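Here's a friendly walk through a protein model, starting with charges and ending with rings. Have a look at the picture first, then read on.

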Amino acid sequence: MSAQPEYVSVPPPPPAAAAQLLTRIRADHRAQRWEPAFERDWAKALEDSRHSYTLTPLHDVVRAWRSRLDSAPAVDAFIASGMDDSDHIALEDVIGARP
């Protein structure tokens, strides 16, 4: 006898915070890459929550994606400024300690 149900349960609709994040993600120019990543993170958090009986994984996903979306304009501005960080940025340039 299997402990798994014979039917596939439909995941519940996302809470309001996750739905708002998904709306923000869909409005971003990176939506094509970010939407599947968010949905993958959310699905894993749902599964983790089911096994752990805690909402912490869901809160962690919301917190991480909210931070990512809130910092995206600063990242875009950095990239648009022409600063190239592909190799490194000297610490002196960051703290303004060059002679």
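Asp76 and Arg30 form a salt bridge, with their closest N and O atoms 2.7 Å apart; the term asks for a side-chain nitrogen of Lys or Arg within 4 Å of a carboxyl oxygen of Asp or Glu. This pair links distant parts of the chain, with Asp76 in helix 3 and Arg30 in the loop between helix 1 and helix 2, 46 residues apart. (Helices are DSSP runs of H or I with at least four residues, strands are runs of E with at least two, and both are numbered from the N terminus.)

Before going further, a word on the ground rules. This is a predicted model, where local features need pLDDT of at least 70 and side-chain atom pairs count only at pLDDT 80 or more, while totals for chains, interfaces and linings use all residues. Residues are numbered from 1 along each chain as its sequence is written, and side-chain values use heavy atoms, with hydrogens and water left out.

Back to Arg30: is this residue buried or exposed? Arg30 is buried, at a relative accessible area of 9%, whereas Asp76 counts as partly exposed at 26%. Here buried means under 20% relative accessible area, exposed over 50%, and partly exposed in between, using a 1.4 Å probe and protein chains only. Arg30 also has a salt bridge to Asp28, and Asp28 is buried as well.

The structure holds eight salt bridges. Here are three of them:

| Salt bridge | Closest N to O distance |
|---|---|
| Asp76 and Arg30 | 2.7 Å |
| Arg30 and Asp28 | 3.0 Å |

Lys44 and Asp48 both sit in helix 2, four residues apart, or about one turn of the helix. Lys44 is exposed at 51% relative accessibility, and Asp48 is partly exposed at 30%. Elsewhere, salt bridges link Arg26, Glu35 and Glu39 into a network.

Now for the bigger picture. The protein chain has four helices and zero strands. Of its 99 residues, 22% count as buried.

Which residues touch the most other members of the largest nonpolar core? They are Leu21, Ile25, Trp34, Phe38, Trp42, Val61 and Trp65, out of 16 residues in that core. Helix 1 (16-27), helix 2 and helix 3 are the elements that each give two or more residues to this core. A nonpolar core is a set of buried Ala, Val, Leu, Ile, Met, Phe, Trp, Tyr and Cys residues joined through side-chain atoms within 4.5 Å.

Finally, the rings. The structure holds three aromatic pairs. Rings of Phe, Tyr and Trp (its six-membered ring) pair if their centres lie within 6.5 Å; planes under 30 degrees apart count as stacked, over 60 as edge-to-face and the rest as tilted. Trp34 and Trp65 are edge-to-face, 5.8 Å centre to centre with 80 degrees between the planes. Because Trp34 lies in helix 2 (residues 31-52) and Trp65 in helix 3 (residues 56-80), the pair ties together parts 31 residues apart in sequence. Phe38 and Trp42 have ring centres 6.1 Å apart and planes at 20 degrees, so this pair is stacked. Phe38 is buried at 3% relative accessible area, and Trp42 is buried at 9%. Ring pairs link Trp34, Phe38, Trp42 and Trp65 into a cluster.
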